[in-house]
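Hi there,

Here is the structure I promised to pass on to you. Please open it next to this email, and then read on for what turned up in it.

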Amino acid sequence: MRTLTYAAAIREAFAQLLSSDPRVFVIGQGLWSPWYVGSSMKDIDVEFGRERIIDSPVSENATTGAAIGAALAGMRPIVVHPRMDFMLLAVDPIVNQAANWSYMFAGRAGVPIVIRPIINRGGEQAAQHSQAVQAFFTHVPGLKVVMPSTPHDAKGLLVAAVQDGNPVMYIDDRWLYEETGAVPEEMYSVPIGRGAIRRPGADVTIVASSYAAVQAVAAARMLEAEGIDAEVIDLRSLKPWDREMVFASVAKTQRLVIADGAWHSGGVAAEIAATVAEEAFDCLAAPIRRVTLPDTPAPMSKALEDAYYVRAHHIAAAVRQTLSRTGLSVQMNHGSR
Amino acid sequence: MTDISRSQLESMYAAMLLIRLAEERVAELVERGEARCPCHLYIGQEAIAAGVCATLERTDTVWGGHRSHGHYLAKGGDLTAMFAEILGRATGCSGGRGGSMHLFAPDVGILGTVPLVAATVPLAVGAALASKLRRERAVAVSFFGDGAMEEGGTQESLNMAALYRLPVVFVCENNFYASHLGLLERRAADNIVDLAAAHGLAGERVDGNDVEAVHRAAARAVARARSGDGPTMLECRTYRWRGHVGPSWDMDVGVKRKDELQEWLPRDPIARTKDALQRGGVDEGALTAMESAIRNTIERALADAERAPHPREAELLEHVYVADGMES
């Protein structure tokens with residue numbers, strides 16, 4: 001099958017959605033810029049015209065609110081926030097409005113919008129150009145949250161998000177843009193709420209998503225050399241998430257490590273850990289381990305950045321810890337602090 | 001009554017009277033504890049909803065806030081469904097999920113009112129954007145109070161609407177209070193209408209207690225929007241007779257407000273319209289008959305709403321999401 005980069009897969013999904021559905025339009029900052037949203041939107045305004053590809057004023061609140069109004073009026077807007085940090089200026093329209101609309105009006109009107117915040121960190125960009133705040137939004141009833149890690153899912157989940165009929169937060173990560181993988185040429189969707197097993201294994205389950213899922217696969221390869229057989233589940237959707245897949249895997253491996261490229265406290269990893277502890281505690285032979293960012297803002301200096309972000313070796317260390325069952329003997333750099 | 005026909009004025013009078021009398025019944029329901037959701041009454045401001053909505057077509061959308069009974073009724077929302085919603089009944093316009101602050105009547109262009117101040121201002125801009133992208137004639141009207149002018153989202157929305165020349169009319173209902181706090185305790189100057197020019201859109205200050213003045217200004221603004229000449233902001237100056245929320249006359253916010261209210265009560269938009277109709281030759285008997293018919297309509301609607309069932313507990317977890325699928 002043909003291979004594409006993650007960024008090219010996103011662009012292809014946009015192009016096919018815009019070609020096939022006149023209700024789709026895109027609004028956000030930087031959409032006409034040659035560099036702002038990377039190659040994931042390159043020349044999309046040239047191909048589809050600047051009436052449907054709107055490079056907006058610096059107004060996160062109004063662009064997101066306008067997308068909701070357009071959605072209620074029958075359109076299928078995609079709002080792009082080139083940095084997730086900036087999207088926080090639009091929390092009212094996302095949380096108070098879009099997420100609540102269906103419930104407030106007894107299911108008589110949904111808000112079919114896709115909100116696409118881009119995680120864009122590293123490169124000494126510091127605390128306000130680096131954040132990954134997906135956990136905030138998984139807390140909110142009425143939203144769906146997806147985080148693809150492969151080119152195949154980057155395309156299929158964007159299509160699914162537009163077709164869903166509910167507000168979907170589609171979170172991509174610029175660290176994934178050069179990843180390559182097989183991508184069908186036709187338009188297809190990946191079901192929201194279903195995980196994918198990236199590597200089957202018997203000894204330990206590693207649950208991750210987005211860039212952390214790529215790191216988890218790399219960690220599993222490192223562990224394989226040590227004779228540890230890790231199963232890697234890529235959640236793909238954080239809300240709803242594939243509980244059944246995780247439960248089935250934990251029933252088999254009896255050990256769980258969760259990796260998430262975001263803060264420790266109140267994070268997605270905490271939710272998964274709590275759910276497994278509630279629903280599948282009897283399966284566990286060792287404490288659950290979380291591998292996350294420490295509870296600190298993103299630093300600037302590369303010397304600190306290198307220690308801050310979740311890497312494969314952090315995940316591998318957590319796996320060794322859970323398999324050793326000693327718990328306290330390994331000094332963790334990430335998680336559990 | 002030069003440009004506004006007698007029958008138009010009569011129908012605006014009827015709309016105002018419906019809002020006033022229905023809301024007086026809502027006030028009683030709150031006082032008796034039968035309505036428990038927060039009810040923000042529109043009494044005193046009826047000319048704005050009635051005057052603006054009289055210039056609109058059914059497919060035009062209207063966006064409101066916490067104080068939107070008037071917008072809902074003036075646009076043609078069903079009265080029984082509104083009472084039922086306020087009473088938390090399953091037959092309410094929002095299925096008993098929203099209450100007074102969440103009114104919904106898509107058949108007449110009300111796609112949802114919400115109480116977060118200024119929240120629907122960008123939504124109206126989006127509905128106008130949809131209309132423009134689809135080459136439709138529909139206009140969006142955004143109703144909001146003077147407090148909403150202090151929200152960033154409103155300023156962003158005014159700019160976006162002007163930039164893209166969207167078919168939207170912004171109607172700022174300046175009743176001089178945001179909850180308990182007066183306009184000049186929140187702004188350096190009484191300058192709301194100036195924001196229109198600052199953002200590059202047409203702006204007009206209107207006597208919001210004069211339904212004919214509101215109608216004329218709205219007709220100009222709607223015509224401008226529909227013909228592709230861009231948005232307008234109307235500052236309609238009026239006064240909220242009752243409290244920010246609930247049935248009280250809101251004298252607890254100070255002596256100043258009491259004096260103000262005494263000045264505003266004689267400017268009652270309904271009494272003024274009645275005078276104009278009588279000067280135009282409508283006889284007292286016809287007006288009495290109209291009022292009596294409206295009262296009957298209200299009593300029937302309220303009785304129907306009070307007989308309706310409450311939502312079932314089994315429905316608690318329903319409707320967090322709409323059913324999935326390609327078509328909305």
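**Two helices packed together in chain B**

In this predicted model, helix 2 (residues 46-53) of chain B packs against helix 8 (residues 211-226) of chain B at an angle of about 40°, and their axes are 8 Å apart. An angle under 35 degrees would count as roughly parallel and one of 65 to 115 as roughly perpendicular, so helix 2 of chain B and helix 8 of chain B are oblique to each other. The crossing of helix 2 of chain B with helix 8 of chain B is right-handed.

Which residues make the contact? From helix 2 of chain B come B:Ala47, B:Ile48, B:Ala50, B:Gly51 and B:Val52, and from helix 8 of chain B come B:Val211, B:Val214, B:His215 and B:Ala218.

**Some backbone features to look up**

You will find B:Arg135 in the loop between helix 5 (120-133) and strand 2 (140-145) of chain B. Is B:Arg135 buried or exposed? There are 6 other C-beta atoms within 10 Å, and a residue with 12 or fewer counts as exposed, so B:Arg135 is exposed.

B:Phe176 is also worth a visit: its phi is positive, near 70°, and it is not a glycine. B:Phe176 sits in the loop between strand 3 (168-174) and strand 4 (177-178) of chain B. With 18 C-beta neighbours inside 10 Å, B:Phe176 counts as partly exposed.

Now switch to chain A, where a cis peptide bond joins A:Lys239 and A:Pro240, with omega about -5°. A:Pro240 belongs to the loop between strand 13 (237-239) and helix 9 (243-253) of chain A.

**The two domains of chain A**

Chain A is divided into domain 1 (3-182) and domain 2 (196-324). The C-alpha centres of these two domains of chain A lie 26 Å apart. Where they meet, 26 residues of domain 1 of chain A are in contact with 22 residues of domain 2 of chain A. On the domain 1 side, the elements giving two or more residues are helix 6 (134-138), strand 6 (144-146) and helix 7 (151-164) of chain A. That side of domain 1 of chain A has 14 nonpolar, 6 polar and 6 charged residues.

Happy exploring!

Note on methods: Residues numbered from 1 in each chain as written. Chains lettered and ligands numbered in written order. Predicted model: local features only at pLDDT ≥ 70, side-chain atom pairs only at ≥ 80, totals over all residues. Axes fitted to C-alpha atoms, helices over the stretch in contact; angles between N-to-C directions. Helix = DSSP H or I, 4+ residues; strand = E, 2+ residues; numbered from the N terminus. Parallel < 35°, antiparallel > 145°, perpendicular 65-115°, else oblique. Left-handed = near helix turned anticlockwise from the far one by under 90°. Contact = placed C-beta atoms within 7 Å. Buried ≥ 20, exposed ≤ 12 C-beta atoms within 10 Å, placed from the backbone. Domains from an automatic or database assignment. Nonpolar A, V, L, I, M, F, W, Y, C, P; charged D, E, K, R; others polar.
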